Amino acid sequence: MKDAVFLSHPLSNETPLYGGAEDIEIKSASSIKSGDTANTLLLSFPNHASTHLDTPYHFFNYGKKSSHI
């Protein structure tokens, strides 16, 4: 493959969201600076954050899902 197309969009606290969705929250969960063993983040965002795909279940109760939830 000669050329790759990057289809993802970076998530940030400023990422536009669809409709009245709640904000994206990105915060530190642990930090080496604070004495933790690793740097980790806690991410919280709605499923309509940034680019995404909707499965048939999004529109139909018995449609196929992308998860078992």
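Is Glu-25 buried, partly exposed or exposed? I looked up its relative accessible area, which is 40%, so Glu-25 is partly exposed. I used these cut-offs: buried is under 20% relative accessible area, exposed is over 50%, and partly exposed lies in between, with a 1.4 Å probe and protein chains only.

**Basis of the entries.** I worked from a predicted model, in which local features need pLDDT of at least 70, side-chain atom pairs count only at pLDDT 80 or more, and totals for chains, interfaces and linings use all residues. Residues are numbered from 1 along each chain as its sequence is written, and side-chain values use heavy atoms, with hydrogens and water left out.

**Salt bridge.** I searched the whole structure for salt bridges (a side-chain nitrogen of Lys or Arg within 4 Å of a carboxyl oxygen of Asp or Glu) and found one. It joins the side chains of Glu-25 and Lys-27, at 3.6 Å from N to O. Lys-27 has 40% relative accessibility and therefore counts as partly exposed.

I recorded two strands and zero helices in the protein. Both kinds of element are DSSP runs numbered from the N terminus: helices are H or I with at least four residues, and strands are E with at least two. The radius of gyration is 17 Å, well over the 11 Å that the globule rule gives for 69 residues, so the protein is more spread out than a compact globule. That radius is taken over C-alpha atoms, and the rule is 2.2 Å times the number of residues to the power 0.38.

I then turned to Ser-31, in the loop between strand 1 (25-30) and strand 2 (40-44). Ser-31 counts as buried, at 17% relative accessibility. Its side chain reaches the backbone nitrogen of Lys-33 at 3.2 Å. With residues up to four places away in sequence not counted, Ser-31 touches Asp-36, Ala-38 and Asn-39; contact means heavy atoms within 4.5 Å.

**Surface.** I noted a nonpolar surface patch of about 390 Å², made by Leu-11, Leu-41, Leu-43 and Phe-45. Patch residues have over 30% relative accessible area and no salt bridge; like charges are joined within 9 Å, and nonpolar side chains (Val, Leu, Ile, Met, Phe, Trp, Tyr) within 5 Å. Phe-45 lies in the segment after strand 2 and is partly exposed, at 42%.

**Whole protein.** I found that 10% of the 69 residues count as buried. The C-alpha trace spans about 50 × 40 × 25 Å along its principal axes.

Key
Polar contact = N/O pair within 3.5 Å; in protein donor to acceptor, adjacent residues only side chain to side chain. Areas by Shrake-Rupley, 256 points an atom, 1.4 Å probe, with all protein chains shown as cover.
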